[in-house]
Amino acid sequence: MYSPIFELIYVESLIFENQQNYYDAIEISRKNNSSTQFIEFMLEMIFKGIETLKPSFKRIIIDEVIMKQLTKSEKALLQVLTLRFEINEYFTLEDIREIVNKQDANIRKYLITFVEVERF
């Protein structure tokens with residue numbers, strides 16, 4: 001699944017900086033007739049690329065990507081819960097029900113959506 005966050009990660013630069021490891025991973029994969037070593041190398045480069053983003057910048061990007069995937073009502077609920085979470089470290093389904101005045105089934109649906117979207 002494509003994610004816009006990859007537009008901001010300069011994997012090519014990281015590969016250039018680790019060029020010998022890149023060629024080693026290709027060679028090992030070729031010899032073993034398995035792409036495992038190469039895939040592991042590329043995943044490591046992607047991870048390093050994400051880690052190089054400043055944490056606040058990374059969070060803004062992720063938030064932007066997530067918000068694009070949500071409906072208007074999901075965005076509204078997420079904003080309310082985010083503000084509430086800044087006040088309390090946790091809250092219950094009952095707390096959420098009181099805040100948004102929705103049924104438990106609807107709240108669970110929203111929460112499942114938030115978890116799925118966060119995975120991107």
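## Accessibility and basis of the model

A residue is called buried under 20% relative accessible area, exposed over 50%, and partly exposed in between (1.4 Å probe, protein chains only). At 21% relative accessibility, Y22 therefore counts as partly exposed.

The structure is a predicted model, in which local features need pLDDT of at least 70 and side-chain atom pairs count only at pLDDT 80 or more, while totals for chains, interfaces and linings use all residues. Residues are numbered from 1 along each chain as its sequence is written, and side-chain values use heavy atoms, with hydrogens and water left out.

## Overall architecture

The chain contains seven helices and zero strands, where helices (H or I, at least four residues) and strands (E, at least two) are DSSP runs numbered from the N terminus. Of its 120 residues, 23% count as buried.

With contact defined as heavy atoms within 4.5 Å, residues 24 or more positions apart account for 51% of the contacts with a separation of 6 or more. The chain exposes about 9000 Å², and carbon and sulfur atoms supply 56% of that area; accessible areas come from the Shrake-Rupley method with a 1.4 Å probe, and for residues only the protein chains shown count as cover.

## Helix α5

Helix α5 comprises the 16 residues 72-87 and reaches 24 Å from its first C-alpha to its last, close to the 22 Å expected at 1.5 Å a residue. The expected span is 1.5 Å times one less than the number of residues.

Within α5, E74, L77 and L81 are buried. Seen down the axis of α5, these buried residues fall within an arc of 65°, so they line one face of the helix; the arc is that of the directions from the helix axis to the C-beta atoms. On the other side of α5, K72, L83, E86 and I87 are exposed.

## Aromatic contacts

Rings of Phe, Tyr and Trp (its six-membered ring) pair if their centres lie within 6.5 Å; planes under 30 degrees apart count as stacked, over 60 as edge-to-face and the rest as tilted. This rule gives three aromatic pairs. The rings of Y22 and Y23 have centres 5.3 Å apart and planes at 70°, so this pair is edge-to-face. Y23, at 45% relative accessibility, is partly exposed. Y22, Y23, F38 and F41 form one aromatic cluster.

## Positive phi in loops

N33 has a positive phi of about 55° although it is not a glycine. This residue lies in the loop between α2 (19-32) and α3 (36-52), and N33 is exposed, with a relative accessible area of 73%.
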